[in-house]
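This briefing is meant for a reader who is meeting the structure for the first time. Please keep the sequence and the 3D view at hand while going through the points below.

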Amino acid sequence: MSVLTADSFSDTPQRSDYDCVVIGSGPNGLAAAIEMAHAGRSVIVIEGHPTPGGGMRSEELTLPGYVHDVCSAVHPMSVASPFMKSVGAKLVEFGLDFIHPEVALAHPLDDGRAAAMHRSLDETVDGLGRDGVAYRRLFAPLLRDADKLFGDLLGPPGLPKHPFAVAGFGIRALPSAMSLARGWFSTEAGRALFAGNAAHSVLPLDRPLTSAVGLMLMLAGHAAGWPVAKGGSGSITRAMVKYLESLGGEIVCGWRVRTLDELPRHRSVIFDTGPAALADISGDSLPLSFRKRLKRFRYGPGVCKVDYALSEAVPWTAEICRRAGTVHVGGSLDELVKSEAAPWQGRHSEKPYVLVAQQSICDPSRAPQGKQTLWAYSHVPNGSGVDASQAIDEQIERFAPGFRDCVIGRTVRTAAQYESYNPNLVGGDVTGGANDWTQILTRPVVRWRPHTTPNRGLFLCSASTPPGAGVHGMGGYWAAQAALEAH
């Protein structure tokens, strides 16, 4: 990558005007820039952080030689996304390699067993015993229509191109995750497996529509897998930046944009930022009433994350967990419901749901030979400065006795520290805003084309727009399409 700094750009600008300026270099910002450049538009990406990537960065956070993902870690939506598929061959050309673990994910239980989701639907069904039939009935119709569903569900709200497929998904997605788990499955394994996926919504699991996120992630797992990026999530950023540069696009880092006036001359600006940042930077270029609506956008709980350097692999009691790229640590359905309600009530759960990724079991480049890395976070109240690592340790130790003895290094980042690191993660919310039913279809405000604004030259593409969080680039794709139509 030949990324410029703000100082070097101001000293030797390559051009004085651009068709498009993109503010922010997360997956959506880079996707928007790639789409604009691919359409023949001149584009520059401006990033406030010293390096590009947003939620796609990797660093040696603990000990030398241990590569940790700073935010995003496992990428089911990257391989399912229509945008990422469209540029996939180019990203491979520029060094991106997705690695699939032997087992996509596992969910350990207190009796020493674990439920598992394999990429193969049949293998997953076989492992669920008497819940296998129900699991097949739930997912087989969705899997047959997977490409249609990803095309419609990862787009902005509107009339779907495949209404029958979307209706089939919608009927399953309407209930709460708790209701779906209890209604479809009779075993604790089946119920916990689904609830652990639904908990990615960062919502209380007894709320309507919380099933949608679980269904989408599990469908992606069966259709495309739950891979990790070889060498770290930052390799996705590097490949996207190199592709953008090959199209003539530019990127400048270390430039925290405060106002539109400081930007190079341009025809359009696409914001890969939160709604409030769009309002603040745009100022009077947007109506006051619209800016007030943007600032009413609500955020959900944050995360407290721990990165571990390990002397050996995690000694999970359930052997299948040792082969899983992702492990959902949280126990039974009832326990998950309680733990996910806590941060919404301003509490830190004593037994939190912990999302664990063990990328190094399938990507040995992440750690020195014979060693391992581990990535783990729990949901905490928005803006919390509390170090929740002890509770996270205890939950992992509960299902992997001897885990603490394997830890040779660690780094903790609280929810408050996440916002300091990346202002888009307001209060440590990694989902770009609360995913409840009042906001999931109206991100960031009620508007027919949610990536547009009342100003025909200003657009928003972050996770605070449809289809929400995830390294899929679709928010950027749709914002770029709107900008191309306008100019």
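A salt bridge is a side-chain nitrogen of Lys or Arg within 4 Å of a carboxyl oxygen of Asp or Glu. Asp393 belongs to helix α16 (residues 389–399) and Arg410 to strand β16 (residues 407–413), so the pair ties together parts that are 17 residues apart in sequence. The model is a predicted one, and the points that follow are grouped by topic.

**Salt bridges**

- Asp393 counts as buried because its relative accessibility is 6%, whereas Arg410, at 36% relative accessibility, counts as partly exposed.
- A search of the whole structure finds 20 salt bridges, and one of them links Arg57 with Glu47, whose closest N and O atoms are 3.4 Å apart.
- Arg57 is placed in the loop between β3 (43–47) and β4 (58–59), while Glu47 is in strand β3, so this pair ties together parts that are 10 residues apart in sequence.
- Arg57 and Glu47 are both buried.
- Another salt bridge is formed by Asp111 and Arg113, where the closest N and O atoms are 2.7 Å apart; Arg113 counts as partly exposed, since its relative accessibility is 46%.

**Nonpolar cores**

- In soluble globular proteins, nonpolar side chains tend to be buried together.
- The largest nonpolar core here has 98 residues, and the members that touch the most other members are Tyr135, Phe150, Phe194, Leu215, Met240 and Ile270.
- Helix α2 (residues 27–38) supplies the largest share of this core, namely seven residues.
- Apart from this core lies another, of 25 residues, which includes Val314, Trp316, Ala324 and Ile396.
- When residues up to four places away in sequence are not counted, the residues that Ile270 touches include Cys20, Val21, Val22 and Ile23, as well as Ala32 and Met36.
- Also among the residues touched by Ile270, on that basis, are Phe459, Cys461, Ala479, Ala480 and Ala483.

**Strands β13, β14 and β15**

- Strand β13 (residues 324–329) and β14 run antiparallel and are joined by four bridges, and within this pairing Val329 stands opposite Val354 of β14.
- Four bridges also join β14 to β15, and these two strands run antiparallel; the bridge partner of Leu355 in β15 is Tyr377.
- In a regular strand the side chains alternate between the two faces of the sheet.
- Strand β14 (residues 354–357) is covered on both faces, with Val354 and Val356 on one side, Leu355 and Ala357 on the other, and all four of them buried.

**Gln372**

- Gln372 lies in strand β15 (residues 372–380), and because its relative accessible area is 16%, below the 20% under which a residue is called buried, Gln372 is buried.
- The side chains of Gln372 and Ser360 are joined by a polar contact of 2.5 Å.
- Leaving aside neighbours within four places in sequence, Gln372 is in contact with residues including Tyr66, Tyr308, Ala309, Leu310 and Glu312, and also Ala313, Ser360, Ile361 and Ala367.

**Backbone features to look for**

- Most residues other than glycine have a negative phi, and most peptide bonds are trans.
- A cis peptide bond joins Arg443 and Pro444, with omega at about -5°, and Pro444 is found in the loop between α18 (437–440) and β17 (458–460).
- Pro466 and Pro467 are likewise joined by a cis peptide bond, with omega at about 5°, and Pro467 is placed in the loop between β17 and α19 (474–486).
- Val202 has a positive phi, near 55°, and lies in the loop between α10 (188–198) and α11 (210–223); at 6% relative accessibility, Val202 counts as buried.
- Leu209, in the loop between α10 and α11, has a positive phi near 75°, and with a relative accessible area of 29% Leu209 is partly exposed.

Notes:
Residues numbered from 1 in each chain as written. Predicted model: local features only at pLDDT ≥ 70, side-chain atom pairs only at ≥ 80, totals over all residues. Heavy atoms only, no water. Core = buried A, V, L, I, M, F, W, Y, C linked by side-chain atoms within 4.5 Å. Buried < 20%, exposed > 50% of the residue type's maximum accessible area, 1.4 Å probe, protein only. Contact = heavy atoms within 4.5 Å. Polar contact = N/O pair within 3.5 Å; in protein donor to acceptor, adjacent residues only side chain to side chain. Pairing = 2+ DSSP bridges.
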